[in-house]
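Here's a quick briefing to read with the structure open beside you. We'll begin with charged side chains and then move on to strands and a loop.

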Amino acid sequence: QVQLEESGGGLVQAGGSLRLSCAASGRTFNYVRMGWFRQAPGKEREFVAVITWSGSNTFYADSVKGRFTISKDSAKIRVYLQMNKLKPEDTAIYYCAQYCSGSISNVCSWGQGTQVTVSS
């Protein structure tokens with residue numbers, strides 16, 4: 001079983017930046033995709049970004065494309081989400097996710113989430 005722990009959330013003004021980090025422990029996360037999701041108050045959890053196990057391919061939700069960057073450090077077993085040009089609508093709890101082995105859409109493990117609040 002893998003444990004995922006997010007950090008780096010906080011309060012930032014619109015236009016600012018934050019960098020989220022996800023530390024994985026337990027099972028190695030080679031050969032599986034890692035991603036970030038978010039859930040705003042009163043809304044369903046939504047996909048933000050995903051990175052392949054090699055780190056060579058990434059995919060983003062249209063709402064964050066060009067502003068957010070997902071990356072990973074395999075040596076330290078961490079996944080990052082660099083968030084630039086933040087907007088108030090980016091306010092949400094951000095969750096790190098490990099996809100199921102061999103899956104491109106099913107998540108098997110979730111972190112506990114970290115709050116990101118963007119003020120206008």
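Glu46 counts as partly exposed, because its relative accessibility is 36% (buried is under 20% relative accessible area, exposed is over 50% and partly exposed is in between, using a 1.4 Å probe and protein chains only). This is a predicted model, where local features need pLDDT of at least 70 and side-chain atom pairs count only at pLDDT 80 or more, while totals for chains, interfaces and linings use all residues. Residues are numbered from 1 along each chain as its sequence is written, and side-chain values use heavy atoms, with hydrogens and water left out.

**Salt bridges**

- The whole structure holds 4 salt bridges (a side-chain nitrogen of Lys or Arg within 4 Å of a carboxyl oxygen of Asp or Glu).
- Arg67 lies in the loop between β6 (58-60) and β7 (68-73), so its pairing with Asp90 links parts 23 residues apart in sequence.
- Both Asp90 and Arg67 are buried.
- Put together, Arg38, Glu46, Arg67 and Asp90 form a network of salt bridges.

**Strand β1 and its partner**

- β1 runs antiparallel to β3 (residues 18-26), with 6 bridges between them (strands pair if DSSP finds at least two bridges).
- Glu6 has Cys22 of β3 as its bridge partner.

- Thr114 is in strand β11 (residues 114-119) and counts as buried because its relative accessibility is 11%.
- The Thr114 side chain reaches the backbone nitrogen of Gly9 at 3.3 Å.
- Val12, in strand β2 (residues 10-13), is buried because its relative accessible area is 12%.
- Val12 and Thr91 are 79 residues apart in sequence and 9.7 Å apart in space, C-alpha to C-alpha.

**A loop residue**

- Lys85 is in the loop between β8 (78-83) and β9 (92-99), and its phi is near 50°, a positive value in a residue other than glycine.
- Lys85 is exposed because its relative accessible area is 57%.

Definitions and conventions:
Helix = DSSP H or I, 4+ residues; strand = E, 2+ residues; numbered from the N terminus. Polar contact = N/O pair within 3.5 Å; in protein donor to acceptor, adjacent residues only side chain to side chain.
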